[in-house]
Amino acid sequence: MATPLRILFIGGTGIISSAASALAVERGHELHVLNRGTTSLRPLPEGAVRHTADVRDPAAAREALGDLEFDAVVDWLSFTPDHVRTATDLVRGRTGQYVFISSASAYQTPPERLPVTESTPLRNPFWQYSRDKIACEDLLTSLYREEGFPVTVVRPSHTYDRTLVPFDGGWSFVERMRRGQPVVVPGDGTSLWTLTHHTDFAGALLPLLAQPRALGEAFHITGDDAWTWDQIARALARAAGVADPELVHVPSDAINAVDPEWGAGLLGDKAHSMVFDNSKVKALAPGWRAVVPFERGAEEIVAWHDADPARRAVDQRWNGVVDGLVERFRVS
């Protein structure tokens, strides 16, 4: 086994980070987690050390961490340049590496060429979330160039766990299919999309930590398999026991016109085919590959929701939007 590391996760109990927390402890690393200690959905693994503070409160965060130093810090919670400034000020001088979790939605949207590589330009005129992540990366690039700040950028793309239905509306999407109601699939259902199970993401992230060749570099970590949106919907339907779901195709522009929040995530991300070349991260994570197919992921999602009726709440507002779109675009 490689030498155990002392790692700090800023965050650590989210959809993506929870699998990385579990794997870090499983591999014998000394994992410290800085967060507010409010989550119960994905508890920290036994053996992790929690430091309870809000990272946006610099004084409280410094007090919580004391004089600890780390081989690597992974920041799961920065979404704007101000967040990055606060986080980097907190860990400057106490870590050999700062890993910023960005987003693959920062890549050129729509992409001019597929597959997407780390050299694909960063430009997303449709989604503020992505533009903020790009601004964070710009700031970190400046810090690396000007002072040698030890940054590594990691860009996930639609990473999920058992709690996350990969369609807007969440469980309501699956519930409609179970009730025999039509569901909306953006576009014509044939654009290609990459889903990544959070345990697969974790398996590629850990080898990047305290890795000198990762400093100053950016990596995306995604699955290697691309699915159409129709295929994703039908996999969820099969897992939910629905043999023949009715899929109604609606242009993303039309969705955006009636629900701009839903539309922003489509036009800025999901409406465009995204297929990734993971060669760069594989070079530093020998033997790694994504191994969880979405068929299995869909079964995990449905089983988790079915285990507790409280998890199967229906979003009535979203349901109403879907009903209106179906009425307009359903082919009789």
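## Basis of the model

Residues are numbered from 1 along each chain as its sequence is written, and side-chain values use heavy atoms, with hydrogens and water left out. In this predicted model, local features need pLDDT of at least 70, side-chain atom pairs count only at pLDDT 80 or more, and totals for chains, interfaces and linings use all residues.

## Overall dimensions

The protein holds 12 helices and 13 strands. Helices (H or I, at least four residues) and strands (E, at least two) are DSSP runs, numbered from the N terminus. The C-alpha trace spans about 65 × 40 × 40 Å along its principal axes. The radius of gyration is 20 Å, which agrees with the value near 20 Å for a compact globule of 332 residues. That radius is taken over C-alpha atoms, and the globule rule is 2.2 Å times the number of residues to the power 0.38.

Of the 332 residues, 54% are buried. Buried means under 20% relative accessible area, exposed over 50%, and partly exposed in between (1.4 Å probe, protein chains only). The accessible surface comes to about 14500 Å², and carbon and sulfur atoms own 48% of that surface. These areas come from the Shrake-Rupley method with a 1.4 Å probe; for residues, only the protein chains shown count as cover. Contact means heavy atoms within 4.5 Å. Among contacts between residues at least 6 apart in sequence, 77% join residues at least 24 apart.

## The seven-stranded sheet

An open sheet of 7 strands runs in the order S3-S2-S1-S4-S5-S6-S11, with parallel pairing. Its edges are S3 (49-52) and S11 (218-221), each pairing on one side only. The twist averages 20° from one strand to the next. Two strands pair if DSSP finds at least two bridges between them.

Strand S1 (6-10) pairs with S2 over 5 bridges, in the parallel sense. Within that pairing, phenylalanine 9 has valine 33 of S2 as its bridge partner. S1 also pairs in parallel with S4, over 4 bridges. There leucine 8 stands opposite valine 73. S1 is mostly covered, with 4 of its 5 residues buried.

S4 (residues 72-75) and S5 (residues 98-101) run parallel and are joined by 3 bridges. Valine 73 stands opposite tyrosine 98 in S5. Aspartate 75 has phenylalanine 100 as its bridge partner. S5 then pairs in the parallel sense with S6 (residues 151-156) over 4 bridges. Phenylalanine 100 stands opposite valine 153 in S6.

In a regular strand the side chains alternate between the two faces of the sheet. S5 is covered on both faces: Tyr98 and Phe100 are buried on one side, Val99 and Ile101 on the other.

## Crossovers and helices

A crossover is right-handed if, with the strands pointing away from the viewer, the path from the first strand over the helix to the second runs clockwise. S1, H1 and S2 make a right-handed β-α-β unit. S4, H3 and S5 make a right-handed β-α-β unit as well. From S5 the chain crosses through helix H4 (residues 128-147) to S6, in a right-handed β-α-β crossover.

Helix H3 (residues 81-91) lies across S1, S2, S4 and S5, at about 160° to S5. Axes are lines fitted to C-alpha atoms, for helices over the stretch in contact, and angles run from 0 to 180 degrees between N-to-C directions. Helix H7 (residues 229-239) has buried residues Trp229, Asp230, Ile232, Ala233, Ala235, Leu236 and Ala237. Glycine 241 follows H7, with a positive phi near 85°.

## Two selected residues

Threonine 13 sits in the loop between S1 and helix H1 (15-26). Threonine 13 is buried, at 12% relative accessible area. Not counting residues up to four places away in sequence, threonine 13 touches Ser18, Asn35, Thr39, Arg42 and Leu44.

Leucine 192 lies in strand S9 (residues 192-194). Leucine 192 counts as partly exposed because its relative accessibility is 32%. Leaving aside neighbours within four places in sequence, its contacts are Ala226, Trp227, Thr228, His272, Ser273, Met274 and Val275. The C-alpha atoms of leucine 192 and methionine 274 are separated by 6.1 Å, although the two residues are 82 apart along the chain.
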